[in-house]
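Trainee: I'd like to learn how to read disulfides in a protein model. Could you walk me through it?

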Amino acid sequence: MGIANMSSSCNIIFLVLLGISAGQDCGIGSKCRTLGGTTTCNTCPAGTVCIQETTVSDLYCQYTSCLPQGMFCEGHVGTCCSGLKCGAATVDATVMTCNGDGTATTAAAATTAAATTAAATTAAATTTPAIIIVTEATTAPAVATTASAPCLTEGGAKVGLPCVFPFTNKGVTYTTCTTSGGFDKPWCSTATDMFGNHVYGNYGDCNAACPTEQDATTAAPAACSTTSGADAGKRCVFPFTHKGVVHTACTYAGGFSKPWCSTRVDYWGRHMEGYWGDCGSTCKVESLWG
């Protein structure tokens, strides 16, 4: 009887845990369904689909299109485009990306060497036109490689993942990386829900290849900055929430003699302690009478 009760309890705990797992949001590369058909998380992020890597594997949220040159490819996020393989681009690389399999590189090197030899031979018999042709042939690939650099995260909660555009955060839609929220480095979302809303915790600092914009927060005038206080000389961030109250302008809340504002908020819009300052004369101020 004791063994039967213990078995029944274990089954109940397993089903509860399975239910919790299935209620979680899917991320890019997350296992969305087991081979046996059990759903392990909710809908995959935009631009991905729940699919098998092989006929005998579990299903993962993978990109619907192939991954281009230089794209992050670890963790079941998708398949590299034709002619590319997932691996370390250099001996110092910390993440796996889609790169040429070596055949193309070897062929290119052989072609370049042959072109250089031909140019040297031609130069000995003629003049400079052959040298100009060789220069054009060796410069073009470098330009093409630079243009294909992917927009990936290089810091923050999720590193080495592609940015997802557009994404909506706190009612504002972004098509580029942003410093919204008072952050020093531009950031982007790496996962959104089925409505395009940013999934909290799935973000990272953008690399140099990513497009950026000015802070998209529009509730505060650009000229509204702090003149004194703990974080003087910084732009105010609106709206911000302090002790459960949402402020869309500078405030006297807390009994201060000068109106103040937050200069940095977290991803829920809550004021971060220590990041505040007294507002300048051009800032909008809340009424003392509410």
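This is a predicted model: local features need pLDDT of at least 70, side-chain atom pairs count only at pLDDT 80 or more; totals for chains, interfaces and linings use all residues.

Trainee: What is a disulfide?

Mentor: A disulfide is a covalent bond between the sulfur atoms of two cysteines. In this structure, a search of the whole thing turns up 12 disulfides.

Trainee: Okay, let's start with Cys-26. Which residue is joined to Cys-26?

Mentor: Cys-41 is the partner, with 2.0 Å from S to S. The link between Cys-26 and Cys-41 is right-handed, with 95° about the S-S bond.

Trainee: Why does this pair tie together parts that are 15 residues apart in sequence?

Mentor: Look at where each end sits. Cys-26 is in the loop between helix 1 (2-22) and strand 1 (31-33), while Cys-41 is in the loop between strand 1 and strand 2 (48-52), so the bond ties together parts 15 residues apart in sequence.

Trainee: And are Cys-26 and Cys-41 buried or exposed?

Mentor: Cys-26 is buried, and Cys-41 is buried too.

Trainee: Next, Cys-44. What is the handedness of the link of Cys-44 and Cys-61?

Mentor: That link is left-handed, at -75° about the S-S bond. The disulfide of Cys-44 and Cys-61 has an S to S distance of 2.0 Å. It links distant parts of the chain: Cys-44 is in the loop between strand 1 and strand 2, and Cys-61 is in strand 3 (residues 59-63), 17 residues apart. Cys-44 and Cys-61 are both buried.

Trainee: Got it. Where do Cys-80 and Cys-98 lie?

Mentor: First the bond itself: Cys-80 and Cys-98 form a disulfide with their sulfur atoms 2.0 Å apart. With -80° about the S-S bond, this link is left-handed. Cys-80 lies in the loop between strand 3 and strand 4 (84-87) and Cys-98 lies in strand 5 (residues 97-100), so the pair ties together parts 18 residues apart in sequence.

Trainee: Why does Cys-80 count as buried?

Mentor: Buried means under 20% relative accessible area. Cys-80 has 13% relative accessibility, so Cys-80 counts as buried. Cys-98 has a relative accessible area of 0%, so Cys-98 is buried as well.

Trainee: Let me try the idea on another residue. Is Val-172 buried or partly exposed?

Mentor: Val-172 has a relative accessible area of 26%, so Val-172 is partly exposed. You'll find Val-172 in strand 8 (residues 172-174). Val-172 and Asn-197 are 25 residues apart in sequence, and 9.5 Å apart in space from C-alpha to C-alpha.

Methods:
Residues are numbered from 1 along each chain as its sequence is written. Side-chain values use heavy atoms; hydrogens and water are left out. A disulfide is a pair of cysteine sulfur atoms within 2.5 Å. Helices (H or I, at least four residues) and strands (E, at least two) are DSSP runs, numbered from the N terminus. Buried means under 20% relative accessible area, exposed over 50%, partly exposed in between (1.4 Å probe, protein chains only).
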